[in-house]
Amino acid sequence: MSAFVTPVLLTVVVGLIAAVLLAVAAKFMAVPVDETAVKIRECLPGANCGACGFAGCDDYAAALAKDPTIKTNLCVPGADGVAAMVAGVLGQEALDVIEMIANVQCSGVCDATKPEMDYQGLKTCSAVKSFFGGPGTCKYGCIGFGDCTRACLYDAISVCNGVAKVDRSICAGCGACAKVCPQGIINLVPDVMRVHVECSSKDKGKKVMDACKAGCIGCKKCENTCKFDAIHVENNIAVIDYAKCKNCGMCAKECPRHIITVFPKPNVKPIVHVDEK
Amino acid sequence: MSSGKHLKGVHVNHCKNTAGVQIIPMALPEKVYIPMSMHIGAPCKPLVAVGDHVKVGQLIANCDAPVSAPIHSSVSGDVEAIEVFMTQNGRPDTNIIIKVDGKQEIAETVKPPVINSKEDFVKAVRDSGLVGLGGASFPMSIKYNTKPGQVDTLILNGAECEPYITVDHAAMLAHAQEMVDGMRTAMKWLGIARGVIGIESNKPDAIAKFKSILSGADDIKVCELRQIYPQGAERVIIYETTGRHLIAGKLPADVGCIVSNVTSMLKLQQFLATGMPLVTKFLTVDGNAIARPQNVEVPIGTMICDLIEFCGGIKEGVEVKKILLGGPMMGRAIPRDDFAILKSNNAVLCFDGTFAQQNKETACINCGRCVNGCPMNLMPARLSRAYKDKNVDMLREYNVMTCMDCGCCTYSCPARKQLNFEIKQAKLLVMEDDKKKKAKAEAEAKAAEEAKANEQKGEAK
C-alpha cells in the first residue's frame, strides 16, 4: 500500500511547494508590462518586416505606447485598417497610410539582353556586383541571382526570365528587397501610381541600344507627350514625378522601347486580414 | 633565421612551361591606354592634354596624396584622347590614350637621380613610379619611407610560388647582379644591416646564380624556400625567412621587415642607374590556348589582345573560355581581352573550355582540408557558414580579416566550395560593418559634444 501512497504524497507536496513558490515569484518578481503596448501589439500584423523603421512589431508597439509623437500610420503592410485600430487604442485620430509597393526598374529579360560573360562564381547579386559590375552587358540592370527573393518575407518577389518580378497582389511594401538590391533598382512607389519606367540605365542611347532591347534611350518622346509635365529625361533615363502623374498612360503608348508599364488598378491587400468591426 | 617550423600550404602543380625562357621585348602596339589608378590609394590626375606630344619616361599623371605613385608614358607619341571607361579592376577609370609614333624618343627629364640622403632616396623611389610589382601595387615609396632603426631586414621576394608564372625567374637569371646592387643601395640609405633573398627551391639555377654572386659577402643571404604554395605571400615569406609573425592590419615595417619583389628591385636599380621610370612590365603569357607561350617585356598600357597577338595569338581551332590576369591561384578572371596591362600584372593566361568549368558544389563533409591548407590557421568552412548567416560578430571572432586570399582553401576543398570567394565577400561585409560602426560612434560623439556645449551655454546664462 505504502508503495503507492509515498510517491503520490511526495508528488502532491512537491507540487504544492512549487505552486506557492511560483505564486510568490509571480507577485514579487513580475515585470511591469505596459498595457497599451500589449494592446497595440495585438493590432499589428506580427510579420516583423521592419517597414515602420523599428526592429519589429514589438518594438514599434512599445515605442508607440511610450512616445505620443510617433505616428500611428507607419505600418505599411497593415494599411489603413491597422492604422485605424492603433489610433483607436491610443485615442488618436486615425491617419491615412500611403500603401507602398516594390517596383523593379528593369525589363532586361533574357530575350532582351545577353550576358557579357559566363559567370561561375557565387550565385548572389552582392557577390557578382563586385566582379565587373555583374555578368550582364548592361551594368545597371537586374542581375537576377535573387538576393531580393531571399530577403522577401512574403514570397512576393521572384526572378522570372532573368529579372526580378514583384507580385503586386502580395507585396506588402516593407522595402526589405530594396535594401538588399546591390543595383539599387528596386524602388518603393505609392500603390496608387500605376505608370512606371522599367529601366535604370544611365548610359547614353547608343550604348543602351547595343546592350539591351528594352532599355531607355532617352529619346524624350514621353516627355513631349505628357500633358502634366510629369515625366522628364534626367541622366539619360526617363523619371516620373509621382506628385504630378495622373496615371493616364499616354507616355507608355508613345515609348518606342515599350519600357513604360501601366499596371492594373491596385488590389485590396490580402496579407493582413484586419477585422474592422 | 627560420625557427624550423613552417606555415601550412598546399602542393600545387607548378606548370612552369616557360621556365628559363628569356624575356623578349614586345613590338610596339598602335595605341596604349594608360589608366590613372594603377596603385593602391588615390588615383592620379592627368598632366597632359589631348594633342600633346609625349616621350618615353615623361611624367603624364601625378597625385598629391601620400599613398600614390606617379605615372609615366611608356611610349612616344601623341595623346589622342582622355576618356573614362572600365579597366581590368572592374571599375570605370580615366585613361590616357596615346597614339604610338614608333620613334620611342626618350624624354629629357630621364636622367639618373642624385642621392645624398635618405630623403633623396625615398623621393627617387617615388619619382620612379614604382609600386609593388608582385601584384599588390602598394606604392613602393611608402614601403621604403621607414622610421630610423625601425627596419633591420630587407627581404627580396623571388619565391614566385604561383603556377605558370616564370618572369621573376627569368629576370633573376638575367639581372641577378643588378638586383643585388639595388638591394645594397637600398640597405645603405635606409640603414638596414641584413638582406635576405627568398627563392623557392624549384629554381635551383637562380639560387646558384645568387649564391655565386654573393659568395664571400655576409650582408645578404640566399634563403631556399620549400616548394609549397604560397611561399611568396608577404606574411609567409617574412615568417619563413625571419621567423617573425605579421598579424592582420600590420605592415611588414612593424615587424622590422621590408619585402620587395625581385623585379621591383631590378626596376629600382635601373631607375637609379639610368633615370628611366617604370614604363615596361615583364609578363608571362601562357595557358593551353596560347600558340607561343613566352616571357615578354610589355609597355604599360598595352591592350591584352595586342599582347596575345604578339605571342602568336590563340591556337588554331581552340576557343578561349577563360583569361586570367596573374596566376591561377590568386589571379583575376576578366570578361574581355580589351583591357590595358597595368603596373601590377605579371601574367596573362588563356585557357580553353577544359580549364574553365567550375565543378559542381557539393555539401561540406567537415573533412578539415581547408583548415590544413590555410597558412594563416583559419577555419574557412566556418567562415563560409558565418558569411551565409551574415553573422559579422562570428566572422570577427574567427579572424576573417587575417585571410590574405591565397586560395589554398578553395584549392583543397573536395566539395568544390568556393570558400575563398565567400571569404572575400565576408571581408567586405565586415569592412562595411566597421564603417557603419565608425559613423555611428562619430555621430554619437558629436551629439554628446553638442549636448555638453548646450549645457555650458545654459550654465553661462
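Predicted model: local features only at pLDDT ≥ 70, side-chain atom pairs only at ≥ 80, totals over all residues.
Q: What makes strand E2 (31–35) and strand E4 (53–54) of chain B edge strands?
A: Each of E2(B) and E4(B) pairs on one side only. They belong to an open sheet of 4 strands in chain B with the order E2-E8-E7-E4 and antiparallel pairing.

Q: Which strands of chain B form the open sheet of 3 strands, and in what order?
A: The order is E3-E5-E6 in chain B, again with antiparallel pairing, and its edges are strand E3 (45–46) and strand E6 (71–72), each of which pairs on one side only. E3(B) meets strand E5 (residues 59–62) over 2 bridges in the antiparallel sense, with Lys45(B) having Asn62(B) in E5(B) as its bridge partner.

Q: How many residues lie between E2(A) and E3(A) in their hairpin, and which residue in the turn has a positive phi?
A: The hairpin leaves 2 residues between E2(A) and E3(A), and Asn161(A) in the turn has a positive phi of about 55 degrees. Strand E2 (residues 157–160) and strand E3 (residues 163–166) of chain A run antiparallel and are joined by 4 bridges; Val159(A), for example, has Ala164(A) in E3(A) as its bridge partner.

Q: Why is Ile170(A) called partly exposed?
A: A residue is buried if 20 or more other C-beta atoms (placed from the backbone) lie within 10 Å of its own, exposed if 12 or fewer do, and partly exposed in between; Ile170(A) has 16 other C-beta atoms within 10 Å, which means that it falls in the intermediate class. Ile170(A) is placed in the loop between E3 and helix H7 (176–180) of chain A. Its C-alpha atom lies 7.8 Å from that of Asp155(A), although the two are 15 residues apart in sequence.

Q: How do you know whether the radius of gyration of chain B agrees with that of a compact globule?
A: The radius is taken over C-alpha atoms, and the globule rule is 2.2 Å times the number of residues to the power 0.38; for 461 residues a compact globule would come near 23 Å, and chain B has 24 Å, so the two agree. Of these 461 residues, 46% count as buried. The secondary structure of chain B comes to 13 helices and 17 strands.

Q: What makes two residues of domain 1 and domain 2 of chain B count as being in contact, and how many residues take part?
A: Contact requires C-beta atoms, placed from the backbone, within 7 Å; by that criterion 7 residues of domain 1 of chain B touch 7 residues of domain 2 of chain B. The bounds, which come from an automatic or database domain assignment, are 113–274 for domain 1 and 364–461 for domain 2. The centres of the two domains of chain B, taken over C-alpha atoms, are 31 Å apart.

Q: How many residues of chain B are in contact with chain A, and on what grounds are they classed?
A: In chain B 8 residues are in contact with 11 residues of chain A. The side of chain B divides into 3 nonpolar, 4 polar and 1 charged, where Ala, Val, Leu, Ile, Met, Phe, Trp, Tyr, Cys and Pro count as nonpolar, Asp, Glu, Lys and Arg as charged, and the others, Gly among them, as polar.

Q: Which residues touch the most other members of the largest nonpolar core?
A: Of its 119 residues, these are Ile34(B), Ile155(B), Leu156(B), Leu283(B), Leu307(B), Val348(B) and Leu383(B). Such a core is a set of buried Ala, Val, Leu, Ile, Met, Phe, Trp, Tyr and Cys residues joined through C-beta atoms within 7 Å. Helix H3 (residues 167–190) of chain B gives the largest share of this core, 9 residues.

Technical notes
Residues numbered from 1 in each chain as written. Chains lettered and ligands numbered in written order. Pairing = 2+ DSSP bridges.
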